[in-house]
Amino acid sequence: MKRIIGIILSVMLFAACDRQEFDGYDTPFISIATSTGASSMVVLSNVNNINTFSVTLSSRMLDKPLTVNYEIVVGDGLQEGVDYELLTQGNSLTFEPGVFDMPIRIKWISHPVDEQKDNTLTIKLLSNDQNIHIGRPGPDGLLKSLVIEKKNE
């Protein structure tokens, strides 16, 4: 009986040595999403609040800082200072080594919108200085941009 148990344990040990550990995904990427991971959201026109949107680096630790460039595209129904205020200044974020997410903050101002106009604000990730993939890898390229629509209540 001891001999059979010894043989079984030996076979299991050799079988386990052949397994490969998962070492993460091969393609590092940068994405943007809401706090719930969505690529779009609605903001009501009767609120005053600040939303924080995270630009996330999904990668192993980098050796040097990473600069990510983005743009804000505003529909013709929204006006800065009337409907919203960009609290994060500029059009780039710098990820220092060990930092994996950076915020973009927008203050929403209570003001009704003309529902016949384009009341969206889109944050688009454009490029970076280390040639890291923008958006989730794959044919859909999800989370390259985030669309926020302001609607009347």
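I call a residue exposed when its relative accessible area is over 50%. N131 reaches 74%, so I log N131 as exposed. The model I am reading is a predicted one.

**Entry 1**

I stayed with N131 and looked up its backbone. Its phi is positive, about 55°, although N131 is not a glycine. I placed N131 in the loop between β8 and β9, the latter being residues 133-134.

Where else did I find a positive value of phi in a residue other than glycine? I found one at L143, with phi near 65°. L143 sits in the loop between β9 and β10. Is L143 buried or exposed? L143 has a relative accessible area of 10%, so I noted it as buried. N131, in contrast, is exposed.

**Entry 2: the chain as a whole**

I then stepped back to the fold. I counted 1 helix and 10 strands in the protein chain. The protein chain has 153 residues, and 29% of them are buried.

**Entry 3: the salt bridge**

How many salt bridges does the structure hold? I found 1. K150 and D83 form it through their side chains, at 3.3 Å from N to O. K150 belongs to strand β10, residues 145-151. D83 belongs to the loop between β4 (66-74) and β5. The two are 67 residues apart in sequence, so the bridge ties together separate parts of the chain.

I checked the accessibility of both partners. K150 has a relative accessible area of 1%, so it is buried. D83 has 2%, so D83 is buried as well. The cut-off for buried is under 20%.

**Entry 4: the aromatic pair**

Next I looked for paired rings. The count comes to 1 aromatic pair. Y84 and W108 make it, with 6.1 Å centre to centre and 50° between the planes. Why do I write "tilted" for this pair? An angle under 30 degrees would count as stacked and one over 60 as edge-to-face, so 50° leaves tilted.

Which strands does the pair link? Y84 is in strand β5, residues 84-86. W108 is in strand β7, residues 101-108. The pair links distant parts of the chain, 24 residues apart. I noted both Y84 and W108 as buried.

**Entry 5: a charged patch**

I turned to the surface. D76, D114, E115 and D118 form a negative patch there. I looked up one of them, E115. E115 lies in the loop between β7 and β8, with β8 covering residues 120-128. Its relative accessible area is 54%, so E115 is exposed.

**Entry 6: C-alpha distances across the chain**

- S39 and L146 are 107 residues apart along the chain, and their C-alpha atoms are separated by 4.8 Å. I placed S39 in the loop between β1 (29-33) and β2 (40-44). S39 is partly exposed, at 36% relative accessible area.
- N69 and N128 are 59 residues apart along the chain, with 5.9 Å between their C-alpha atoms. N69 is part of strand β4. Its relative accessible area is 26%, and I noted N69 as partly exposed.
- L126 and N91 are 35 residues apart along the chain, with a C-alpha separation of 9.8 Å. L126 is in strand β8. At 45% relative accessibility, L126 is partly exposed.
- G138 and T27 are 111 residues apart in sequence, and 9.8 Å apart in space from C-alpha to C-alpha. G138 is in the loop between β9 and β10. At 44% relative accessibility, G138 is partly exposed.

**Entry 7: cross-check by loop**

L143 is buried, whereas G138 is partly exposed.

Key. Residues numbered from 1 in each chain as written. Predicted model: local features only at pLDDT ≥ 70, side-chain atom pairs only at ≥ 80, totals over all residues. Heavy atoms only, no water. Phe/Tyr/Trp six-rings, centres within 6.5 Å; stacked < 30°, edge-to-face > 60°. Helix = DSSP H or I, 4+ residues; strand = E, 2+ residues; numbered from the N terminus. Buried < 20%, exposed > 50% of the residue type's maximum accessible area, 1.4 Å probe, protein only. Salt bridge = Lys/Arg side-chain N within 4 Å of Asp/Glu carboxyl O. Patch = residues over 30% accessible without salt bridge, like charges linked within 9 Å, V, L, I, M, F, W, Y side chains within 5 Å. Areas by Shrake-Rupley, 256 points an atom, 1.4 Å probe, with all protein chains shown as cover. Lys, Arg positive; Asp, Glu negative; His and termini not counted. Charge placed at Lys NZ, Arg CZ, Asp CG, Glu CD.
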